Amino acid sequence: MPSNVLDDLLDYLEYAHRYDDYISCICEFHSDNRPSMIVHEDTYKCLSCGVFGSTKKLLEKLSSKSRPSVKKHIDFRNPFTKWTRNEELKDVLKSAWKTLNDNPSQGSYLRSRGIPDDARKKLKIGYRDGWLTIPILDKDKHIVGAIARIGDTGSEAKYVCPNGQDPNLIYVPDWDIINKAKEIFCVFGILDSISLYLYNVPSFSTTNGKRIDPSALDTFRKRILFIPDDGEEDAALRIISKLGWRGKLIKMDWPIGCKDLNEVYMKYPNLMVQQFGVNQYDMAK
């Protein structure tokens, strides 16, 4: 199956929204009044009528029809597909980092989310073709993957990974902090993990939202404290149930208007100080 099957399907699906490794769209098999079909690279399933099948066969079926005259979806192409056509991923990320260092105004979205330029530089976050690029490092600090986020502050949050990237990779802002800690924190968002990093908290994020194989966390033989977004506690508990003594849910009393740690950091910094200590980048000023 071609690795860009999801990109190809966008030309045929109605009211489709592309996420990093799946599409949500109007179901092709029943009268659907809201997006209820989920399409992954290998299989698709409608959460309403229950139809299930091969994504490759779905593409073959839809591509045999004429293309719709009006596109009713958010047009999207994975930028990594173009970037890595003639460059290694590590060179793409290095070039993007240099671009953002030379043009710091393009990091306005990060600053709008409270991430200082010093932290952005240390985390090697870059910018290319309207996308912020975030490298994923393993415990030996080698690049093993990447994440890109659309840089337009007015757009809906959209994260993408290179096609074929392991969906169970984790994003760790600082492995040194993780390695020294007896307990570490897991969140379901890159910005949430960076928000904790700003307080010198040992944290990591999944790179595929709430979906991660618990075995991907076997590298950590220490307690993992989960702080899911508001409403995502059940997803965290499903992972925790597979971790035994290593997993624990932290129940947050979310302030009004906040559903994740980055929003708390932005709106109620005093609460972050009470919970985690002093922001290391504030101390450096």
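Guide: Let us begin with a definition: two strands pair if DSSP finds at least two bridges between them. In general, strands of a sheet pair through backbone hydrogen bonds, either parallel or antiparallel. Please note that this is a predicted model.

Visitor: How many bridges join strand β11 to strand β12?

Guide: Three bridges join β11 (residues 183–187) to β12 (residues 203–206), and the two strands run parallel. Within this pair, Val187 has Ser205 of β12 as its bridge partner.

Visitor: In which order do the five strands of the open sheet stand?

Guide: The order is β10-β12-β11-β13-β14, and the pairing is mixed. The edges are held by β10 (170–171) and β14; each has a single partner strand, so one side of each is left without a neighbour in the sheet.

Visitor: Which strands does helix α8 lie across?

Guide: Helix α8 (residues 190–197) lies across β10, β11 and β12, and runs at about 175° to β12. Helix α9 also packs on the sheet, where it touches β13 and β14; its direction makes about 160° with that of β14.

Visitor: Which residues of α9 are buried?

Guide: A residue counts as buried under 20% relative accessible area and as exposed over 50%. In α9 (residues 233–240), the buried residues are Ala235, Ala236, Ile239 and Ile240. These residues lie on the same side of α9, because they cover an arc of only 140° around the axis. They pack against β13 (223–226) and β14 (247–249).

Visitor: What does the face turned away from the buried side carry?

Guide: That face of α9 carries the exposed residues Asp234 and Arg238.

Note on methods:
Residues numbered from 1 in each chain as written. Predicted model: local features only at pLDDT ≥ 70, side-chain atom pairs only at ≥ 80, totals over all residues. Heavy atoms only, no water. Buried < 20%, exposed > 50% of the residue type's maximum accessible area, 1.4 Å probe, protein only. Helix = DSSP H or I, 4+ residues; strand = E, 2+ residues; numbered from the N terminus. Arc of directions from axis to C-beta. Contact = heavy atoms within 4.5 Å. Axes fitted to C-alpha atoms, helices over the stretch in contact; angles between N-to-C directions.
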